[in-house]
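I opened my notebook for a new structure today. Here is what I looked up, entry by entry.

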Amino acid sequence: MDNIFKALADPARRDILDALRAKDGQTLSQIGTRFEMTRFGVMKHLGVLEAAGLITTVKRGRFKYHYLNALPLQEALDRWITPFAKPAAREVLDLKAKLEAAEATQIVTMSIFIAAPAGKIWDALTDPAALAASHDRADDVRRDGAALTFSAANTPFLRLEEVAHEVGKTRHMRFVPLSPTAAASEVTFTVVEEGAHCVLSLEHRGLSTALAHVPDSWRRSLAGLKTLLETGVAQKFPSPPPAAPDLSEKETPK
Amino acid sequence: MTIHQHMEGQTMAKPDYVMQTYIRCTLDTLWDALTDPEEIKKYHFITDHIRKDGDTTGYDFAPGAPMLRCRDIRLDPKTRIEQTFEGLWEDAGPPSRFVYLLREEGEVCSLTLEHYDLAFPVIHGEGVADGWARMLAGLKTYLETGATVRFADPALDAGGAP
């Protein structure tokens with residue numbers, strides 16, 4: 001809430017919101033041409049607005065488009081204006097619940113550049129053998145229609161269910177943790193060709209913060225996928241077991 | 001106070017950008033690939049005009065067109081590299097600094113990049129975040145295959161973004 005009022009306190013940021021109200025979905029350059037400000041100045045303001053949730057962004061290839069997000073502003077109005085007109089305890093409680101729910105999940109975004117054609121990257125992302133060879137934890141991956149089940153030591157720990165698929169561009173999957181169980185979340189894979197190489201991006205939304213290992217697991221699995229595609233040789237990058245205490249580095253006082 | 005001294009006083013700060021990757025290589029080859037300009041030439045995403053002069057590594061777009069200057073702040077062999085990051089392209093912002101952390105994990109290595117003191121917000125897929133992703137992708141490809149692949153964005157000319 002503080003973020004919203006802080007974001008609105010700056011005239012340049014209010015101008016940017018006006019510019020987006022006039023025309024939604026502009027790139028940084030399009031917004032930048034309207035102001036006598038450096039590119040980094042505009043970037044900084046967009047960062048503040050995005051952190052406050054007042055704008056949201058969508059990335060398509062090299063371009064990032066900025067959109068107004070009216071919801072937080074409506075919530076701020078409901079919280080600070082409506083209470084003077086009617087009892088607001090209900091709204092406040094709803095808002096509190098919403099904010100608390102929002103805190104318990106995170107968005108994970110990462111990209112990896114791979115020297116392989118897009119078609120081979122998509123094939124690997126749907127091929128159980130390639131996934132089993134590159135995933136940091138799984139030793140077995142089964143495909144069942146449009147769903148993939150990842151297992152380690154005969155224990156299934158993850159299901160990825162295809163939700164939508166735009167051939168050669170994006171694939172939306174539902175991420176269903178089985179062991180430990182946690183709320184399902186959403187993963188989008190995007191592949192963009194850049195001449196001879198590609199960039200594979202992953203956006204994982206609504207990931208429970210309780211699953212703290214997942215971001216690193218993605219990094220390790222994408223590293224394995226790049227190695228497999230570029231060298232043709234499977235290489236897993238598993239998390240090392242917890243290291244034995246190293247007395248030379250840490251002297252624990254008694 | 002020099003930039004060097006100024007930055008040494010801030011090593012406890014929170015990084016503005018962190019990236020981590022995993023590479024099939026030894027700690028020795030990873031260290032050499034990150035510190036030897038002759039090695040960096042083989043995987044840098046933009047340029048092979050790279051040289052080291054004393055404690056400073058200079059990156060040029062082309063001879064006479066400087067792009068980036070990195071001065072060693074602290075080198076801990078096979079473990080940690082800390083350098084300044086002085087962008088010389090237009091709108092590069094004030095000098096910042098970065099740290100590479102190297103770690104052996106059995107037959108593979110983990111490499112963590114931390115970038116500190118950036119004067120502008122980091123946006124995924126843009127600016128320094130995009131540059132590091134391209135740089136470390138080339139490094140991994142080079143160490144694992146021996147091939148030079150420059151993961152530059154073909155849509156940008158050499159004089160553009162970092």
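**Entry 1: chain A overall.** I noted first that this is a predicted model. I then looked up the helices and strands of chain A. There are nine helices and nine strands. Chain A has 254 residues, and 24% of them are buried. I also checked contacts with a separation of 6 or more in chain A. Of these, 45% join residues 24 or more positions apart.

**Entry 2: two helices of chain A.** I read up on the description before looking. Two packed helices are described by an angle and a distance between their axes. I picked α2(A), residues 11-22, and α4(A), residues 39-51. Their axes are 10 Å apart and the packing angle is about 75°. An angle of 65 to 115 degrees counts as roughly perpendicular, so α2(A) and α4(A) are roughly perpendicular to each other. Which residues make the contact? From α2(A) I listed A:Ala12, A:Arg13 and A:Ile16. From α4(A) I listed A:His45, A:Leu46, A:Val48 and A:Leu49. I sorted the residues of this contact into five nonpolar, one polar and one charged.

**Entry 3: where chain B touches chain A.** I looked up how many residues are involved. On chain B there are 27 residues in contact with 27 residues of chain A. Which elements of chain B give two or more residues to this side? They are β1 (17-23) and α4 (127-145) of chain B. α4(B) gives the most, with seven residues. I sorted the chain B side too: eleven residues are nonpolar, eight are polar and eight are charged.

Technical notes:
Residues are numbered from 1 along each chain as its sequence is written. Chains are lettered from A and ligands numbered from 1 in the order in which they are written. This is a predicted model: local features need pLDDT of at least 70, side-chain atom pairs count only at pLDDT 80 or more; totals for chains, interfaces and linings use all residues. Two residues are in contact if their C-beta atoms, placed from the backbone, lie within 7 Å. Helices (H or I, at least four residues) and strands (E, at least two) are DSSP runs, numbered from the N terminus. Ala, Val, Leu, Ile, Met, Phe, Trp, Tyr, Cys and Pro count as nonpolar, Asp, Glu, Lys and Arg as charged, and the others, Gly among them, as polar. Axes are lines fitted to C-alpha atoms, for helices over the stretch in contact, and angles run from 0 to 180 degrees between N-to-C directions. Angles under 35 degrees count as roughly parallel, over 145 as roughly antiparallel, 65 to 115 as roughly perpendicular and the rest as oblique. A residue is buried if 20 or more other C-beta atoms lie within 10 Å of its own, exposed if 12 or fewer, and partly exposed in between; C-beta atoms are placed from the backbone.
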